[in-house]
Structures are given as C-alpha cells and as structure tokens.
Amino acid sequence: MVTSHRLRPVRFAQSGTLVLLLLFLFAKGPDLLYGGLSLALLAAYHFLTDHCYTSQQIREAGLIFWHLLIYLLLCTLVIWATTSADEESLYWIVYLLPVSVAATNLGLLLTLVTCALASLLYAVFFPEPFFTNPALRAEELPELLIFCLTYFMIGTLVQSFSEQQRRQVEAAEELNRKLLVKQKSLGDSLCKLEAAEDSLRRKERLAALGEMSAGMAHEIRNPLGIISSSVQLLGNKKDFASPASQELLDIVQEETVRLNGLVTDFLMFGRPGQPQLSQSDLGQIVEKVVDHVRSLAEQESVTIRTSLPETPVSVLVDPDMLRQVLLNLLLNALDAVPEEGLIEARVRPGKDGVCIEIHNTGQAIPPELQSRIFDPFFTTKDRGTGLGLANAHRIVENHGGELKVHSEPGEGTLFSIFLPRQEG
C-alpha cells in the first residue's frame, strides 16, 4: 500500500498538467468554450478527489473502479470537445490521469487494460479523414501510435514504481508487526521474570523467618507448659480458692492457652509439613468447613452459603491442609463482614484446574495492603499474629497452586485458590 506522501510527485504532476492545459485552452479564445468547460469539469473532479480523499479511502470504500471509469469518461469528454473535423485533439495527455490512477492503485494487468481503453477512446475520436485519406494516414497514424505507446510506457513505469513502493511499505509494516510481537513477548518475559524474582525473594524471606520462628517457638513452648501446669496446681490449693485469686488464675490460664496457639502457629510456619496428597472431593471439603463456621456466622448475624457443582470435583490434595486454609479464610471473612453481611464459598471447575473462591461483602482491603497481606507477621488485627494468611499461602504453593486476593470498594473481597489438576 503506497502512502500519500510517496505519491506527491505524481499528484503534483497531474495537477500541474491540468492547470497548464486549462490555461492553454482558454488562451486560444472563445471558440473552445465547450472544450474549456469540459476540461474545467475534469479539473474540478480531479482536485475534489485528490485533495479531499486519499487513494486508500477510495479503495477501502470499494469505489476505485467507479473512480477510474469517471476519469475515463471525463477525459473522453475533453477529447470530444476539442476534436474538430480536420484536426485531432491536442489534449491526448489528459488520458495520463486515469492511467496514473490505475498504475498507482491496481496491478499490472488492470493498468495495461486501462492504457488500452485510453488508446481506444482516443483513436475513436481521431478525425475520419486521417483513416480514409492515404496521405494523411501515412502522416498521422504514426503520431497516434506514439500517443498510445506513451500511455503504455507511462502506465508501466508508474505501476512499476508504485509496486516497488507497495512492497517496501508492506515489508516495513511486516517488520513493524514482528517488532511489536517481539516487544510484547519481551514484555511478557520481563513480567514473568519479575514475578519469579519476587517469588524467589519471598521464599528466601519465608525460609529465614521460618527457621527463626521454629527456634523461638521451640524454646518458648517448654516454659509455657510449665507455667500452665503450675497454674493448674495453684488453682487446686486452698490458699488460692478465693474468687479474686481464681479469677487471676483463669486469666493466666487463658493467656497461656492463647500463647500456646501462637507458638503452634510459629511452629507450623517454621516447619511446614509436606502435603499428603490423595484424591479428594473439593465440594465435600468446602461443605464441611462451612458447616463448622456456620454457627459462628449465625451468632454474628452473617449469612454464609455455598455454590458447589452438582457432580463431584476430584483433585489431588491434602484434605487436612486444605481445610486449614479454608478455615483461615472463612474466619478472616467473618471478622471483616458486618452484621447482615454475606459470605459465599464457591467451587468453579476449569479446564486446567479448579478454583475455590471465598467472597465476602465486608470492607475492601486498601490497594497498598493487598500486596502485603500474605507476608508473615503482617496483620491489621489487634490480637492477630500475621501468620494465618502466610501459612495458607505457603500451603497452597506447596500444592502447586496460587492464592490471590481481589478487593474493590463496594464489591467486598474475593480470595481465590487455584489448584491444578494432577494425576497419580
């Protein structure tokens, strides 16, 4: 496809030729009024189509053949108006307009057809004596042949030039297309590389924190056990039988239990076990976890419901670990949802795996926090440890899956667990 700026020399030549012919015709006096009017009509059509529309627009509209036909008819009108009984028209050059239009927009065969039509139309209006008078025929027919050969020569040259330009532009467009594809592929590769680097850094941080957490939890658990058993013994003695003393001992016991749970979370984070995989029905797992949380939801006046497939969805997972992940997500959703809120657990089978979604209608998570909620020890709760979502994320990763969060104001928060289908 030839761009407009590459056709400027051809357009300038056409426009300049029309202007010179028009001036030359009117300069010959009023006897050629019809010829001047026909040439003015041709010039008006040329300037209208050349300066208001591009060749590409005319081609895309499917009007190129009509455009070429109108050019030929207007040029023929000029030849007819300027041909006398004993003298041929001097404006044979106007047929170069449709010839150049065909050459710049069509193939070689159609360009040659246009040249042949132009030659035929010009020959039709040649004065009859030039064909019947032997003396005039010997003198004028070679001139007619030169004009016709000029049409073919100019048409072939312009078509060759235009074809070269079209090929260059097509090659440039193809190269640009390949560059865009390569650029997109490079961008995708860079995004994957950045994601892999982030994942590697995250795993390195988790490994370091895990080792530290496991060591600290191990050292804290033994003294906690001693404190818990000592409090129980003190509660059995008469000296601590008063209500005030018993209340204090209950507080110590309660906090000891809470600290023991915290130590358990540290140990689980620091020494994650490998999943014991087995074929399990995800619908049953989700249903059981939701049943365990349903009573808590009713106490908080929160509606919790499930959307499960009618047929079993069997995936190779560790049922206990997956229940732990789902329980953590549901309890977090219960904390985030106000009264009369809604929590929905969905299972969506796919071609490459299964997606478990936990959606709640609570307040949205700010965008700046969504990238941090899976970091260990990050929490927005007053009494939270920041290890629940971190453990859940690690468990899902150990299953070869992904745990993602999407939260928008007015839409609530959606946690998505993608588990790939595995066999064996």
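What follows is a conversation about how terms are applied to this predicted model.

Colleague: What should I know about the model before we start?

Modeller: The model is predicted, so local features need pLDDT of at least 70 and side-chain atom pairs count only at pLDDT 80 or more, while totals for chains, interfaces and linings use all residues. Residues are numbered from 1 along each chain as its sequence is written, and side-chain values use heavy atoms, with hydrogens and water left out.

Colleague: How many aromatic pairs does a search of the whole structure find, and what makes Y95 and Y151 an aromatic pair that is edge-to-face?

Modeller: The search finds 2 aromatic pairs. Rings of Phe, Tyr and Trp (its six-membered ring) pair if their centres lie within 6.5 Å, and planes under 30 degrees apart count as stacked, over 60 as edge-to-face and the rest as tilted. For Y95 and Y151 the values are 5.9 Å centre to centre and 75° between the planes, so the pair is edge-to-face.

Colleague: Why is this pair said to tie together parts of the chain?

Modeller: Y95 lies in the loop between helix 4 (64–81) and helix 5 (96–105), whereas Y151 lies in helix 8 (residues 134–236), so the pair ties together parts that are 56 residues apart in sequence. Helices (H or I, at least four residues) and strands (E, at least two) are DSSP runs, numbered from the N terminus.

Colleague: What makes Y122 and F147 an aromatic pair, and why are Y122 and F147 called buried?

Modeller: The ring centres of Y122 and F147 are 5.7 Å apart and the planes make an angle of 70°, so this pair, too, is edge-to-face. Because Y122 lies in helix 6 (residues 108–124) and F147 in helix 8, the pair ties together parts that are 25 residues apart in sequence. Buried means under 20% relative accessible area, exposed over 50% and partly exposed in between (1.4 Å probe, protein chains only); Y122 has 1% and F147 has 9%, so both are buried.

Colleague: Why is H292 called exposed?

Modeller: H292, whose place is in helix 10 (residues 282–299), has a relative accessible area of 60%, so H292 is exposed.

Colleague: How do you know that strand 4 and strand 5 pair?

Modeller: Two strands pair if DSSP finds at least two bridges between them, and strand 4 and strand 5 (residues 353–360) have 7 bridges in the antiparallel sense, so they pair. They form a hairpin with 3 residues between them, and the bridge partner of P349 in strand 5 is V354. Strand 4 (residues 342–349) is also joined by 5 bridges to strand 2 (residues 303–307), and these two run parallel.

Colleague: Which residues lie nearest the centre of the second largest pocket, and which element gives the most to its lining?

Modeller: Of the 17 residues that line the second largest pocket, D198, S199, R202, H393 and E397 lie nearest its centre, and helix 8 gives the most to the lining, with 6 residues. A pocket is found on a 1 Å grid over the protein atoms alone, as an open set of points where a 1.4 Å probe fits, with protein on both sides within 12 Å along at least five of seven lines, and lining residues have an atom within 4 Å of a point.
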